[in-house]
Amino acid sequence: MSDREAVAHLLRRATFGPTADEVDAAERAGPAATLDRLLTPARADRGAAATPPPVLAADPYAQLTGESTREQRQQANAERRKQVQQVTGWWLERMVAAEDGLTEKLLFFWHGHWATSAQKVKSARAMQGHLETLRRHGRGPLSPLVAAMVRDPALIIWLDGQKNTRKAPNENLARELMELFTLGIGNYTEADVKAGARALTGWVVDRRTGAARFEARRHDPGEKTILGHSGRFDAEAYAGLLAAQPAAATFVAGRLWFRYAGTDIPAPQGLAGADTIATLRAIFSSPAFAQTRGTLVKQPVEWMVGALRQLGIRPSALAEQQHKQLLAGLNALDQVPLRPPSVGGWPAGAAWLTTSSLQARLRTAGMLAAATAPAVLARLAAAPATGRPDALARLLVVDGWSARTRAALTPLAGEPRKLLAAGLVSPEYTVS
């Protein structure tokens, strides 16, 4: 693998859709320096600074009372949905604009790992706070992240933590915390789940402020035995115990490998995830990672955000109808940020390659090609007609076309927008 192929592979996996200019710069720097820059960005992110989180109005539902009418409740729910759409639109804009693509892609990983949906949470403020917590703790050690998440209002609502009391423990959050978020199946018992639920009692979410607070009268202060350790565990102590388990570091590292490298090539022996950035360095430096090139199907959000970046499209600059088409495209592809389908998160691999998803990609690719920045389209059109498939490969950071794909692209060389749309749905672009 050449240095250009190596850095292109790294940037495709570690960030959202690198541009040709970014690959050029990475090739000049070399793979090692590129990895260092990704993991330890040296400057402030101007793109992130230009896309600050939205300032949301108070939760419309929090203003309701027992005397509110059905119409008032329906209106409040409609306003809530608009606020959630506002946060979703902002995050897509941030994904495209951010210079620190690794941190933004990592936030998307954690969002899928701690899968929490606005479909049930409903509060845009809670979902925005959820993202902020994942962003704040997602690059570092596992322990502070788990401790913050067991007190996260969105997660508490999502997994019924507010229903978990000393008199009637609810095991939902404790179970998923161990099974899906930290330890994995086989590394805990049913007794651990029951005791963990007792440790998590007492946390509720204030409907008016959206903040989580601890109510001592709802908490079970008694002694509990969890994973062979006994004590008067509360939520923080329970989180610390889970994060300290060797199984947690192994499980989280496996999930990082799964999303960043796929399943075709086994993860390196001894890969552990006690510190996220250190684990990503180990993944991206591994000889096994280089072998995963061309094996990982892009998730719809990865596919769309990468295309937006490479085609010079900012979602906020689109006409209203085009912006609606953008979000409708993600909906048709079954991956809308803030709306994972279940606590298990989104699927992977061939699950994204259905007949219906291909039709949705075709429609969305046509819209993206139509919205391509004039300067980007001009660079493609400036290439000789016979060289446009190769110019397209450079634009989309594809290492090369198969003979079959090239044969399909060549007749479209005289129509740059159609050529772009075809490139976006090609196997070489869909799989990285």
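This is a predicted model: local features need pLDDT of at least 70, side-chain atom pairs count only at pLDDT 80 or more; totals for chains, interfaces and linings use all residues.
Visitor: How much space lies in the largest pocket?
Guide: The largest pocket holds about 420 Å³ of space. It is lined by 20 residues, and those closest to its centre are R37, R43, E99, D100 and G101.

Visitor: How many of the lining residues are nonpolar, polar or charged?
Guide: The lining of the largest pocket divides into 10 nonpolar residues, eight charged ones and two polar ones.

Visitor: Back to helix 2, then: which of its residues are buried?
Guide: The buried residues of helix 2 are A20, V23, D24 and A26. Seen down the helix axis, they fall within an arc of 165°, so they line one face of the helix. The face turned away from that buried side carries the exposed residues D21 and R28.

Visitor: What does the buried side pack against?
Guide: The buried residues of helix 2 pack against helix 1 (3–14), helix 3 and helix 21 (388–395). Helix 2 is followed by G30, whose phi is positive, near 95°.

Visitor: Changing topic, where does P337 lie?
Guide: P337 lies in the loop between helix 18 (320–332) and helix 19 (355–371).

Visitor: Does P337 count as buried or exposed, and why?
Guide: P337 counts as buried because its relative accessibility is 1%, where the cut-off for buried is under 20%.

Visitor: What is P337 in contact with, beyond its neighbours within four places in sequence?
Guide: Leaving those neighbours aside, P337 is in contact with T88, W91, L92, M95, H111, V301, L330 and W346. P337 and G89, although 248 residues apart in sequence, are 9.1 Å apart in space, C-alpha to C-alpha.

Conventions
Residues are numbered from 1 along each chain as its sequence is written. Side-chain values use heavy atoms; hydrogens and water are left out. On a 1 Å grid over the protein atoms alone, a cavity is a set of points where a 1.4 Å probe fits but cannot get out, and a pocket is an open set with protein on both sides within 12 Å along at least five of seven lines; lining residues have an atom within 4 Å of a point. Grid points are joined across faces, edges and corners, and a volume is the space filled by probe spheres set on the points. Ala, Val, Leu, Ile, Met, Phe, Trp, Tyr, Cys and Pro count as nonpolar, Asp, Glu, Lys and Arg as charged, and the others, Gly among them, as polar. Helices (H or I, at least four residues) and strands (E, at least two) are DSSP runs, numbered from the N terminus. Buried means under 20% relative accessible area, exposed over 50%, partly exposed in between (1.4 Å probe, protein chains only). Contact means heavy atoms within 4.5 Å. The arc is that of the directions from the helix axis to the C-beta atoms.
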